[in-house]
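Subject: Structure handover

Hello,

Here is the structure I promised, with notes on what turned up in it. Please read them with the model open.

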Amino acid sequence: MQKRVVQRKFCQARSRTASRHLGTRIRRPMSSLLPIALEGHFTRSLSNATIQRCANATSKKDLKNVWSEIKDLVLGTHKCAAEAALYDLSHAKTTREQLDAFNALTYYVEPGDRHKLAWKLDVSEFQGFQIGEHRFPVPDDARDFMKGTVSMTTSASCRLLNTLHLNDHHVLLSSPQFGLDLGPLSNIPTDNDLYGATMRQVLIKDFQTRFSHFPALLDTLQVLGLDQDDASGQFALEVMQETEHQLAQTGLGSVAATMAENAAHLVRLASAMKDDR
């Protein structure tokens, strides 16, 4: 019996480690996404029960807990703020209010657990924000909101970019699975001769045509202000560096460079298509 218990614990540990490093290859039951660890000097987390309680609360006063606030102060954690953000996410009347709450949660959640936060898209529409196994309702103004741009720092834009899922596939990690394999863009010819320049133009034009079939992703990149690259390419480079820096903190170091490069590709494509939309 003791031997079986040890083996089971060993298998569970291996499964958790593998899932942490490459979530797209291992199908985990949604319940395994919880609890969600929070930033701080000591461990505090959000359980499914906590998320449900915050979503169902009738007012923020229902979430007030003096002892929890004292613990946050002493332990350097953000549980009270995270619970308030969950309440706002559930009760927001506008998509902008929802986005602000979701953005706050990406800051409060420990980097290694940010993969449990998802900004859900299908090919044509915003499908809502998801925390663990809880999907939050989409406000009535979502379609109009997705045609605008929100002013935010590059760091915040990159954090949110890393939560994007299209048809349940991570945008930066699993682009071939949803039909837009960004890999070939990393092999564009760099020669300055006519052949190299022509091949670049053909490949980029081909990708722009493919990308036009994913309007929700294009809209989201616009909302995040990630369509602002110019001829210098400096902004795309900045996004790539910031994305790789953030991913290095999450336990995805082995694929961070590829994901960061994909982020830069998306910025370049969205920027190139900006005037045609």
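A cavity here is a set of grid points where a 1.4 Å probe fits but cannot get out, and its lining residues have an atom within 4 Å of a point. Keep in mind that this is a predicted model.

**The cavity**

A search of the whole structure finds one cavity of 30 Å³ or more. The volume of this largest cavity is about 80 Å³. Which residues line the largest cavity? They are Thr106, Arg114, Cys158, Arg159, Asn162, Thr163, Thr243, Gln246, Leu247 and Thr250. Two elements give two or more residues to that lining: helix 7 (154–161) and helix 11 (234–247). Helix 11 gives the most, with three residues. By class, the lining has six polar, two charged and two nonpolar residues.

**The chain as a whole**

The protein chain has 12 helices and seven strands. Of its 277 residues, 45% are buried. Take the contacts between residues at least 6 apart in sequence: 68% of them join residues at least 24 apart.

**Helix 7**

Why is helix 7 described as largely enclosed by the rest of the structure? Because six of its eight residues are buried. The buried ones are Ala156, Ser157, Cys158, Arg159, Leu160 and Leu161.

**The nonpolar core**

In soluble globular proteins, nonpolar side chains tend to be buried together. In this model, the largest nonpolar core holds 67 residues. Trp119, Ile131, Leu161, Phe211, Leu217 and Leu266 touch the most other members. Helix 12 (residues 253–272) gives the most to this core, with nine residues. What does Leu266 contact, leaving aside its neighbours within four places in sequence? Its partners are Leu161, Val171, Leu172, Leu182, Phe211, Leu217 and Leu221.

**Aromatic pairs**

The whole structure has six aromatic pairs. In one of them, the ring centres of Tyr107 and Tyr108 are 5.6 Å apart. Their planes stand at 65 degrees, so the pair is edge-to-face; the cut-off for that class is over 60. Tyr108 is buried, with a relative accessible area of 17%. Tyr107 counts as partly exposed, at 48% relative accessibility. Elsewhere, ring pairs link Phe102, Trp119, Phe126 and Phe129 into a cluster. Trp119 is also one of the core residues that touch the most other members.

**Two residues to look up**

Ala142 lies in helix 6 (residues 142–145). Ala142 is buried, with a relative accessible area of 7%. Not counting residues up to four places away in sequence, Ala142 touches Thr95 and Phe126. Gly128 is 14 residues from Ala142 in sequence, and the two are 9.1 Å apart in space, C-alpha to C-alpha.

Leu252 sits in the loop between helix 11 and helix 12. Is Leu252 buried or exposed? Leu252 is buried, because its relative accessible area is 13% and the cut-off is under 20%. From Leu252 to Gly112 is 140 residues in sequence, but 8.6 Å in space, C-alpha to C-alpha.

Best wishes

Conventions
Residues are numbered from 1 along each chain as its sequence is written. This is a predicted model: local features need pLDDT of at least 70, side-chain atom pairs count only at pLDDT 80 or more; totals for chains, interfaces and linings use all residues. Side-chain values use heavy atoms; hydrogens and water are left out. On a 1 Å grid over the protein atoms alone, a cavity is a set of points where a 1.4 Å probe fits but cannot get out, and a pocket is an open set with protein on both sides within 12 Å along at least five of seven lines; lining residues have an atom within 4 Å of a point. Grid points are joined across faces, edges and corners, and a volume is the space filled by probe spheres set on the points. Helices (H or I, at least four residues) and strands (E, at least two) are DSSP runs, numbered from the N terminus. Ala, Val, Leu, Ile, Met, Phe, Trp, Tyr, Cys and Pro count as nonpolar, Asp, Glu, Lys and Arg as charged, and the others, Gly among them, as polar. A nonpolar core is a set of buried Ala, Val, Leu, Ile, Met, Phe, Trp, Tyr and Cys residues joined through side-chain atoms within 4.5 Å. Buried means under 20% relative accessible area, exposed over 50%, partly exposed in between (1.4 Å probe, protein chains only). Contact means heavy atoms within 4.5 Å. Rings of Phe, Tyr and Trp (its six-membered ring) pair if their centres lie within 6.5 Å; planes under 30 degrees apart count as stacked, over 60 as edge-to-face and the rest as tilted.
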